[in-house]
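Colleague: I am new to reading structures and would like to go through one feature by feature. Could you take me through it?

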Amino acid sequence: METTRKPPFFDIASEQGLLRTSIAVTLFIATIGIGFGLASGSFSIVFDGVYSLVDASMSGLSLVVVRLITSHTTSLHLSRKLRERFTMGFWHLEPMVLALNGILLSGVAIYALINAIASVLEGGRHLEFGIAIGYAVLTVIACVTIAVIEARANRKLRSDFVSMDVKGWVMSASITAALLIAFCFGYAVQGTPWEWMSPYIDPAVLALVCLVIIPLPLSVVRQALSEIFLVTPGDLKVHVDEVARAFVARHGLQSYRAYVAKVGRSREIELYFIVPKSMGAKSIEEWDALRDEVGEAVGGEGPNRWLTVVFTGDPEWAE
């Protein structure tokens, strides 16, 4: 008897495997970041480690949500109790996690910016540039590597969670690259007339990095909030309207009402067709055939499409 082989725990070809890999690498970088930061006296490196910890915690939460969504849509490994309590699925959790992720990352950066400004006003801080440079080189290599791996894999997966994670790695690489440049400059000015600048390098570069990264997650937050509040996506509404208008004209119906929303990876579509009272009666099989026709015209059939097609002679049922 043939048994199904279980995919590797860190399978970079799957969404969950990529997120697990990202979490593992992030925890490693966060651990060495906090350690190197304390050893070198650099608050910017400590911030990098804390930023990575926040990112890892949100990636862990994203992984839980992905497993819930996948289990519900495929009817696998989901308890009866959860299925009964969440009959509409778990798609709504995806934009919530994305919004929380973006808000937390921006919040951490704002807090670090305030501390950096306070440190500059207090005269800066001295640090061991050799240790700091070693950390920055190692971290940049790790961040760029995992970002490239995830970006390539996501060309096929098209996951919002992985896309957000890639942006997080790119931000982390950018942060650390800026720190590396600053640390190299600080190391170079030792023993020169410019040495007085070295205490200000760490807080100054941290402030600049924070100013850059604070607005970066906001576009993700804005998109996530639009999905949480069920803002109608324009392109999906235009497509559904075209399908419905053609269907009404083709079958001699009176009119239609369309309601669409995008929540995470799901597309939720409700179509109400107003049937003229003069239209003859149809069998259940005939109505179902019409629904199949609408579904094929709308397209995108799969576990993440929620399509409701209703035929009624009373327009109030469609309002």
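Modeller: What follows is a walk through helices, a sheet and some single residues of this predicted model.

Colleague: Which residues of α7 are buried?

Modeller: The buried residues of α7 include Ile201, Val205, Leu206, Val209 and Ile213. Asp202 and Cys210 are also among them.

Colleague: Now two helices together. How are two packed helices described?

Modeller: By the angle between their axes and the distance between the axes. Here, helix α4 (residues 93-121) packs against helix α6 (residues 160-188) at an angle of about 10°, and their axes are 11 Å apart. That angle makes α4 roughly parallel to α6, because angles under 35 degrees count as roughly parallel.

Colleague: Which residues of α4 and α6 meet?

Modeller: On the α4 side they are Glu94, Val97, Leu98, Asn101, Gly102 and Leu105; on the α6 side, Asp160, Phe161, Met164 and Met171. The residues of this contact of α4 with α6 divide into 6 nonpolar, 2 polar and 2 charged.

Colleague: Next, the sheet. In what order do the strands stand?

Modeller: The order is β1-β2-β3, in an open sheet of 3 strands with mixed pairing. From one strand to the next, the twist averages 10°.

Colleague: Which strands stand at the edges?

Modeller: Those are β1 (255-263) and β3 (305-312). Each has a single partner strand, so one side of each is left without a neighbour in the sheet.

Colleague: In what sense do β1 and β2 pair?

Modeller: β1 and strand β2 (residues 266-274) pair in the antiparallel sense, over 9 bridges. Within β2, Glu268 stands opposite Ala261.

Colleague: Let me turn to single residues. Is Ala136 buried or exposed?

Modeller: Ala136, in helix α5 (residues 129-157), has a relative accessible area of 0% and is therefore buried. The cut-off for buried is under 20%. Setting aside neighbours within four places in sequence, Ala136 is in contact with Thr176, Leu180 and Phe183.

Colleague: Asp241 has a charged side chain. Why does Asp241 count as buried?

Modeller: Because the relative accessibility of Asp241 is 12%, and under 20% is buried. The place of Asp241 is in helix α9 (residues 234-251). Not counting residues up to four places away in sequence, Asp241 touches Tyr256 and Ala258.

Colleague: And where does Glu301 lie?

Modeller: Glu301 lies in the loop between α10 (284-298) and β3. At 71% relative accessibility, Glu301 counts as exposed. Glu301 and Arg267 are 34 residues apart along the chain, and their C-alpha atoms are separated by 9.9 Å.

Colleague: One last item, the backbone angle phi. What is phi of Arg158?

Modeller: Phi of Arg158 is near 55°, a positive value in a residue other than glycine. Arg158 is found in the loop between α5 and α6 and is exposed, with a relative accessible area of 71%. Leu230 has a positive phi too, of about 55°, although Leu230 is not a glycine. Leu230 is found in the loop between α8 (218-228) and α9, and at 48% relative accessibility Leu230 counts as partly exposed.

Technical notes: Residues numbered from 1 in each chain as written. Predicted model: local features only at pLDDT ≥ 70, side-chain atom pairs only at ≥ 80, totals over all residues. Heavy atoms only, no water. Buried < 20%, exposed > 50% of the residue type's maximum accessible area, 1.4 Å probe, protein only. Helix = DSSP H or I, 4+ residues; strand = E, 2+ residues; numbered from the N terminus. Axes fitted to C-alpha atoms, helices over the stretch in contact; angles between N-to-C directions. Parallel < 35°, antiparallel > 145°, perpendicular 65-115°, else oblique. Contact = heavy atoms within 4.5 Å. Pairing = 2+ DSSP bridges.
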